[in-house]
Each structure stands twice: as C-alpha cells, then as structure tokens.
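Dear colleague,

I am handing over the structure below, and my notes on it follow the display. Please look it over before you read on.

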Amino acid sequence: MTKPPRPPRSRPLLRDEAIAVQSGRIRKRDPAQPKLPFDPMPDRVEPALALLTEKPPVTGDWRWEIKWDGYRLHVHIEGDRVKVLTRNGFDWTSRFPAIAEAARVLAPASMILDGEAVVLDEQGRSDFSLLQRSLGASGRKIGNRASPALFYAFDLLYLDGHDIRHLECRARRHLLEEALRGHDGAILISEEADADPAELLAHACHMGLEGIVGKRQDRAYRSGRTGEWIKIKCVKSEAFMVVGYEPSTVLRAGFGSLLLAAYRDNDLVYVGGVGTGFKERDAMQLRKKMDKLPWKQKQPPVPYSGKRNVVWLQPTLIVEIEFRAWTTDEKLRHPSYKGLREFQDNAAVYRLDSQG
C-alpha cells in the first residue's frame with residue numbers, strides 16, 4: 001500500500017490570492033546586536049616599505065613583483081573627490097592629471113590604491129630620470145608641469161567604506177584585481193609572479209629592470225619597514241643629500257662632482273662623491289639649484305677629513321644615486337647620478353642603519 005503524500009512543512013504564503021501581502025511589525029533594533037559601521041577613510045596612510053635584502057628568503061609564503069623605478073603614491077578616491085598623495089602626504093593631484101582622471105572613472109567606488117607612478121622608456125621599462133623630466137625636476141620648488149605618468153597599483157588599503165589593511169595580502173590582492181578588472185587608462189595592475197625568485201631576478205636584471213619585490217601573503221598591511229615586504233635589486237639605487245660640490249673650470253655646469261651624505265640616527269654622515277651620470281642639461285639645472293641655496297660656507301655640514309677643494313652647501317637638495325655596493329668604510333662604490341628628487345620626498349634619504 002502506498003503512503004499518502006506528506007503535507008508541506010510550511011504553509012503557503014497566501015491561502016487566498018486576493019489577500020494583500022503584509023510585512024510584520026517593525027521592531028526596534030536590539031542594542032546588544034553587533035553594529036556594522038563604515039570606517040572613515042584615513043586622510044593619509046603611512047606606506048609599507050620594502051626592506052633591502054641580498055637574497056630571497058627560503059621560508060614563508062611569498063609572491064613576487066617587478067620593482068618599479070618611480071614615485072610611491074597613494075590614490076584616494078571618495079565619491080567625486082580624488083587625491084594623489086606622495087609618501088609624505090603631499091597632494092600632487094595636479095601633477096598627475098592622467099592618474100587622477102583614471103581614478104575618477106573608478107568612482108563611485110571609494111578606495112585607497114597603493115602603487116608607483118612611472119614613466120616608461122621605449123623598451124617599456126620604468127625610468128626615474130624620464131619621470132623627473134616629465135615633472136620638471138623642480139627640486140625644492142613645486143612646479144606646475146603635469147606628468148603623463150602611469151600608475152601601477154600593487155595594493156588596496158580601503159574599499160567601499162571599509163579599511164581592509166587588517167586582511168591578508170592575498171585577500172587584498174584579490175579585491176584589488178576585482179576593483180580594477182576591465183579598467184584601462186593610466187591606472188594599471190602591477191602583475192604578480194608565482195615564480196622562483198632567483199630566476200625572476202635574473203630575468204629582471206637581464207631586461208635592465210631595477211629588481212624585484214617580495215611580499216608575505218599571510219600578513220596584514222603594516223606601515224614602515226617591517227621585513228614583510230622585501231626588495232632585491234639588480235643595481236642599488238637610493239636617495240642621498242647633497243652637502244657640497246667640487247668646482248670645475250672645464251665643465252659648463254661648473255662642477256665636477258657632488259659630495260653626498262646619508263643619515264645615521266638624526267645626523268648626516270659623508271658617504272662619498274659622485275661625478276658620473278650627469279647629462280649636460282641635468283648638470284646645468286642642478287647648478288642653478290645649488291646657486292639658489294640660502295648659504296654656502298667654508299666649514300662642512302658633515303664630519304669630513306678629505307683634501308678636496310669643496311664648496312659646502314646647506315643640506316637641502318636630494319639626489320637619486322645608482323651604485324654597486326658599499327666599501328668597508330661606508331662609502332659608495334661606483335656611484336652614478338640618476339636624477340634630482342623632490343624636496344617633499346625628504347623621508348627617502350638613505351639611512352646607514354637600514355642596511356640589511
């Protein structure tokens with residue numbers, strides 16, 4: 001004998017189709033229930049920085065990217081408002097109009113993108129000197145020149161009302177890729193590579209790139225140089241303070257080399273001179289900057305025991321220097337001039353106590 005059909009567990013929504021659908025009475029919210037508020041967008045986020053290392057780590061879950069040779073920026077998008085901020089929090093929106101316009105296309109989403117502004121050479125490599133020329137290499141004075149730089153985004157810190165810095169790197173990366181999917185223009189994704197870092201570094205160096213960056217995938221976003229982001233360079237490149245120059249009666253720019261300094265704790269320390277890498281246009285512009293400094297003096301602003309004929313300068317101008325290594329007495333080996341950095345990027349001046 002067959003069993004009779006089981007009655008439905010729930011009653012039909014309406015027994016009479018003619019009866020209007022009505023919702024239940026609205027109750028007051030239980031104050032004991034958790035709240036889900038929006039996080040206010042931070043005015044500024046201190047960036048996570050990569051620690052310079054000689055070799056890739058042998059343990060840990062790491063992913064790798066190409067190291068870009070440009071300016072570190074955070075792009076804040078909040079409704080129709082867009083701000084492009086330097087690592088020190090200065091507003092350079094007007095100096096990167098292409099990046100700002102590409103960011104407006106992403107609205108009404110709200111987000112903070114972390115990445116690097118670059119100008120590419122004919123081979124598609126980021127070139128710091130080209131970026132500086134596009135900005136006018138204004139040094140201490142902020143110029144009005146607008147750069148056509150691209151922005152390679154490699155992290156996402158805030159998304160649609162929520163601060164996501166506490167998420168693991170891999171989760172933030174997934175959200176970044178989703179946020180920028182199908183987007184074209186001046187904001188691009190910095191591609192990741194799940195590859196052997198030694199092989200990737202060799203390939204990057206062969207292509208003439210600056211190096212590679214590795215990030216721990218299981219870590220939150222933490223400001224500063226924590227070691228959870230690392231960089232391995234093909235050729236070392238850092239920012240140093242100009243503290244003087246050697247005059248020259250042969251060269252049109254009137255100087256033969258620059259004397260450089262780095263920080264140790266809060267003091268500047270002499271780290272050698274650089275006399276190569278100057279194109280005539282760059283050298284002439286740099287000399288004009290040095291001539292406009294408030295004062296020159298006979299006494300060096302750093303401890304110095306050399307015998308060079310030096311015009312000492314107020315420590316103000318910051319330059320990017322490429323070099324091969326450090327000598328045993330902490331001087332630059334085979335340095336070469338790359339470009340003049342912005343005064344507002346003063347935090348980038350190299351620190352001797354950061355060698356790692």
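**What was found**

P108 is found in the loop between α1 (97–106) and β5 (111–118), where helices (H or I, at least four residues) and strands (E, at least two) are DSSP runs, numbered from the N terminus. This is a predicted model, in which local features need pLDDT of at least 70 and side-chain atom pairs count only at pLDDT 80 or more, while totals for chains, interfaces and linings use all residues. Residues are numbered from 1 along each chain as its sequence is written, and side-chain values use heavy atoms, with hydrogens and water left out.

**Backbone**

Most residues other than glycine have a negative phi, and most peptide bonds are trans. The peptide bond that leads from A107 to P108 is cis, with omega near 15°. D265, in the loop between β13 (255–264) and β14, has a positive phi near 55° although it is not a glycine. H334 also has a positive phi, near 55°, and belongs to the loop between β19 (332–333) and β20; at 59% relative accessibility it counts as exposed (buried means under 20% relative accessible area, exposed over 50%, partly exposed in between, with a 1.4 Å probe and protein chains only).

How many of the eight residues of helix α2 (residues 128–135) are buried? Six of them are, so the helix is largely enclosed by the rest of the structure; the buried residues are F128, S129, L131, Q132, S134 and L135. Their cover includes the strands β3 (71–78), β5, β17 (318–323) and β20. After α2 comes G136, with a positive phi near 90°.

D282, in helix α5, is buried at 14% relative accessibility. Leaving aside its neighbours within four places in sequence, D282 is in contact (heavy atoms within 4.5 Å) with R133 and Y337.

**Aromatic rings**

The structure holds 17 aromatic pairs; rings of Phe, Tyr and Trp (its six-membered ring) pair if their centres lie within 6.5 Å, and planes under 30 degrees apart count as stacked, over 60 as edge-to-face and the rest as tilted. One of these pairs is the stacked one of F278 and Y337, at 4.5 Å centre to centre and with 20° between the planes. Because F278 lies in the loop between β14 (267–274) and α5 (280–291), and Y337 in strand β20 (residues 336–340), this pair ties together parts that are 59 residues apart in sequence. Y337 itself is buried, at a relative accessible area of 6%. Y304 and W312, by contrast, have ring centres 5.0 Å apart and planes at 70°, so their pair is edge-to-face; Y304 is partly exposed at 22% relative accessibility, whereas W312 is buried at 4%.

Elsewhere, Y71, W92, F96 and F128 make up one aromatic cluster. R95 lies over the face of W92, at 4.7 Å from the ring centre, and the charged end of K215 sits over the ring of W229, 4.1 Å from its centre; here NZ of Lys or CZ of Arg must be within 6 Å of the ring centre and within 35 degrees of the ring normal.

**Pockets and cavities**

On a 1 Å grid over the protein atoms alone, a cavity is a set of points where a 1.4 Å probe fits but cannot get out, and a pocket is an open set with protein on both sides within 12 Å along at least five of seven lines, lining residues having an atom within 4 Å of a point. Points are joined across faces, edges and corners, and a volume is the space filled by probe spheres set on them.

The second largest pocket has a volume of about 480 Å³. Of the 22 residues that line this pocket, D69, D127, F128, E322 and K338 lie nearest its centre, and α2 and β20 each supply at least two residues of the lining.

The search of the whole structure finds three cavities of 30 Å³ or more. The largest cavity has a volume of about 60 Å³, and its lining residues include R216, R219, Y221 and W229. The second largest cavity holds about 50 Å³ of space, with R44, R72, H74, H76 and R87 among the residues that line it. β3 and β4 (81–86) each supply at least two residues of that lining, and β3 gives the most, with four.

With best wishes
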